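Here are my notes on this two-chain model. Please read them with the structure open.

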There are 2 protein chains.
Amino acid sequence: MALITSPESILDIALAAMQSTENQRLKTLISSLTEHLHEFVLENQLTESEFERALQFIVGIGQATGKNTNEVVLVADILGISSLVSTINNMDVDGGSYAALLGPFWRKNAPLCNWGESISRVDLGGQPMEVHGLILDEFKKPIASAIVDVWHSSPSGFYENQDRLQADMNLRGRFKTNENGEFFFRTIRPAGYPVPTNGPCGELLRAQKRHPNRPAHIHFMISKPGYKVLITQVFDSSDENLESDPVFGVSRQLVGEYLTDDKTGICKLNHSFVLQAGEMVFPAPPIP
Amino acid sequence: MALITSPESILDIALAAMQSTENQRLKTLISSLTEHLHEFVLENQLTESEFERALQFIVGIGQATGKNTNEVVLVADILGISSLVSTINNMDVDGGSYAALLGPFWRKNAPLCNWGESISRVDLGGQPMEVHGLILDEFKKPIASAIVDVWHSSPSGFYENQDRLQADMNLRGRFKTNENGEFFFRTIRPAGYPVPTNGPCGELLRAQKRHPNRPAHIHFMISKPGYKVLITQVFDSSDENLESDPVFGVSRQLVGEYLTDDKTGICKLNHSFVLQAGEMVFPAPPIP
């Protein structure tokens with residue numbers, strides 16, 4: 001009988017209506033989502049005005065999404081969903097993840113650089129930084145000739161494409177590992193920055209009394225044919241927002257020791273990365 | 001420790017970050033929603049491309065929503081969420097509901113009509129219909145001088161505002177109950193019609209092999225000071241789509257006996273409605 005007899009009966013009727021879905025995975029996912037949403041409504045005895053407000057919020061995040069901002073991704077970020085999906089799909093043996101979110105600022109075709117070259121292409125002040133890295137496979141063997149694509153924000157917390165004071169491709173570059181799987185580059189120390197707060201997600205963060213500031217980090221995208229492309233971030237161990245990242249992106253594996261050399265005043269980071277065997281598939285660049 | 005150590009740890013960290021939310025109800029709702037969404041991702045081991053597709057869908061329904069269409073409401077409808085929220089907030093003693101969704105076509109200020117007047121204001125053909133109704137309170141006592149606002153689709157399945165063949169306010173009218181709590185009007189028998197299928201929700205229905213056709217129904221909004229406004233629909237008992245309503249709006253209480261008089265050929269409906277004591281609050285009209 002497909003007529004509603006109680007609030008609980010609606011779920012069964014809805015699930016029955018979805019039984020003919022051809023794509024079995026779609027059927028599983030939409031059925032499971034429907035079940036969870038019904039449970040959510042029942043457990044909380046959602047009122048009609050709360051429901052209306054929730055629908056308005058979804059319209060709002062869809063309509064606020066455009067060329068330069070994606071509030072739908074952002075709400076998934078600030079509820080921890082994006083981080084969860086990234087973690088379960090890039091899990092290491094300890095149940096953590098070497099991967100992190102791509103973020104909205106990766107650009108394709110950053111300049112190819114030589115060993116030790118600086119990616120600071122304009123004088124912005126800030127603390128000089130040296131980054132040494134090591135790329136390993138899952139058996140801890142070094143990977144030579146991997147491409148290490150790096151990008152990060154300025155000491156003011158802006159990416160070059162957000163900031164008219166910076167040169168094109170500033171704080172972006174691609175390096176190749178040597179025969180020992182190592183790479184080395186110079187730059188200036190990045191600062192943290194807030195997620196966008198002028199849309200519906202900013203309103204939610206304010207209502208939750210959460211600050212919007214991501215801890216400082218450097219992005220890495222590491223690739224070599226025969227390996228899964230590793231998209232990751234290495235966070236600054238001394239950042240005060242490390243444990244209150246608004247998008248829950250910081251795992252133990254992603255924290256790097258950003259150490260200042262007392263003699264030279266240079267910030268030094270030494271970090272190793274593990275690539276998993278697999279297909280080398282690059283993401284679509286979020287900006288040109 | 002607020003660093004991610006496993007996929008499951010992200011939920012606890014996210015919930016902890018929401019603890020300072022000032023509005024306790026908001027805190028409860030967002031925490032519960034976050035919990036269900038994390039469970040959904042974990043149970044189904046959502047892949048990164050599935051996640052990306054889901055985010056695109058949400059952007060799509062937000063951006064397809066405009067003056068004449070609301071795909072966010074529609075997706076809630078076709079997953080049974082709208083019906084669930086309506087049912088739990090308008091539950092009768094049997095666990096069913098006398099209420100139904102307002103729908104997108106209610107207009108304020110439909111013409112005030114006299115006993116027995118016809119709301120068919122232009123000749124569209126179709127089967128003549130007579131509707132007798134009775135309005136009761138929760139103790140089965142008749143309610144006099146209640147306002148019964150009715151609206152429905154044409155024999156072709158269109159509301160007057162969707163159809164240039166119909167006159168303004170065709171198949172819309174407001175009636176007042178007599179001292180016995182009764183009302184009576186004439187009209188033409190409505191036909192069912194599809195929910196919009198040209199957006200993301202239509203795509204989902206096609207993938208689920210579900211038809212979009214709502215069973216034929218007449219909308220009623222019944223009000224009197226001192227009573228909760230009853231927004232409801234009375235469905236045609238003979239409609240073939242009664243048990244496969246795409247928005248899961250049909251409860252036993254909402255099915256009316258649409259009976260054709262063999263002698264006159266007139267369709268007759270006789271239905272009673274129960275108002276609950278409460279505040280008389282009207283909804284915002286979805287169209288002017």
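Which helix of chain B holds B:Arg25? B:Arg25 sits in helix α2 (residues 24-44) of chain B; helices are DSSP runs of H or I, at least four residues, numbered from the N terminus.

1. Basis. This is a predicted model, with local features needing pLDDT of at least 70, side-chain atom pairs counting only at pLDDT 80 or more, and totals for chains, interfaces and linings using all residues. Residues are numbered from 1 along each chain as its sequence is written, chains are lettered from A in the order written, and side-chain values use heavy atoms, without hydrogens and water.

2. B:Arg25. Its relative accessibility is 30%, so B:Arg25 counts as partly exposed (between buried, under 20%, and exposed, over 50%; 1.4 Å probe, protein chains only). Beyond four places in sequence, B:Arg25 contacts A:Asn44, A:Gln45, A:Leu46, A:Thr47 and A:Glu50 (heavy atoms within 4.5 Å).

3. Interface. Chains B and A bury about 6,900 Å² between them, 68% of it on carbon and sulfur atoms (accessible area lost on being put together, 1.4 Å probe, summed over both). Each chain gives 80 residues to the contact.

4. Salt bridges. Four cross the interface of chain B and chain A (side-chain nitrogen of Lys or Arg within 4 Å of a carboxyl oxygen of Asp or Glu). A:Arg25 and B:Glu50 form a salt bridge at 2.7 Å, N to O.

5. Core. The largest nonpolar core has 33 residues (buried Ala, Val, Leu, Ile, Met, Phe, Trp, Tyr and Cys joined through side-chain atoms within 4.5 Å). Among those with the most contacts inside it are A:Val41 and B:Ile78.

Terms used:
Helices (H or I, at least four residues) and strands (E, at least two) are DSSP runs, numbered from the N terminus. Buried area is the accessible area (1.4 Å probe) that two parts lose on being put together, summed over both.
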